[in-house]
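Subject: Structure handover

Hello,

The structure is below, with notes on what was found in it. Please keep it with your working files.

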Amino acid sequence: MTTGKPTPRLSERLNADLEALRHENAALMASQLQSFRTDLTAIATHARDTIEADTRMFLHATSGTMQSFHHRITRWLTLAPAILLATATAAITALLVLSWLWSVMLSKSELTRLGLQRIDQGGTTYLLTDPARASIQTCAISDQGSVLCIQIKEK
């Protein structure tokens, strides 16, 4: 038997070493976790700042274009009724003029076919007859009595 200082038992020493390793690992994990939190916060802050800067640049770049579109649309909405009215007025006027020209052409050709010639002079319209085809006579029409009429002989 040995006498003297008692040596700690092996299990106690192992438990003490294990406890020291646990504390060391816990401190290391806490340090790594704190480092991870710091890095993650820095990454998130940098991403947020980048997104804000990109959004600001995009809004600044597109605001001019959007304002230009807005002014163009406003101008068209202001001018559109006048343009539509002018177009409709021009179309109606053109149709009236074409209708009048068509009726003049038809009446001239019809008068010519009937052997009459139309002459407009000084606000007065004269109809001349072809003596070989038409003659002016007094005609009796049912209830109105006698009136002047032009009799046209068919060819």
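Met-66, Phe-69, Ile-73 and Leu-77 make up a nonpolar surface patch with about 450 Å² of accessible area together. Patch members have over 30% relative accessible area and no salt bridge, like charges being joined within 9 Å and nonpolar side chains (Val, Leu, Ile, Met, Phe, Trp, Tyr) within 5 Å. A salt bridge here is a side-chain nitrogen of Lys or Arg within 4 Å of a carboxyl oxygen of Asp or Glu. Areas are Shrake-Rupley values with a 1.4 Å probe, and for residues only the protein chains shown count as cover.

This is a predicted model: local features need pLDDT of at least 70, side-chain atom pairs count only at pLDDT 80 or more, and totals for chains, interfaces and linings use all residues. Residues are numbered from 1 along each chain as its sequence is written, and side-chain values use heavy atoms, without hydrogens and water.

Ile-73 lies in helix H1 (residues 10–113); helices (H or I, at least four residues) and strands (E, at least two) are DSSP runs numbered from the N terminus. Ile-73 counts as exposed because its relative accessibility is 52% (exposed is over 50%, buried under 20%, partly exposed in between). Buried residues make up 4% of the 155 residues.

H1 bends by about 35 degrees at Leu-79, with Pro-81 following within four residues. The bend is the angle between axes fitted to the seven residues ending there and the seven starting there. Just after H1, Gly-115 has a positive phi of about 90 degrees.

Regards

Technical notes
Buried < 20%, exposed > 50% of the residue type's maximum accessible area, 1.4 Å probe, protein only.
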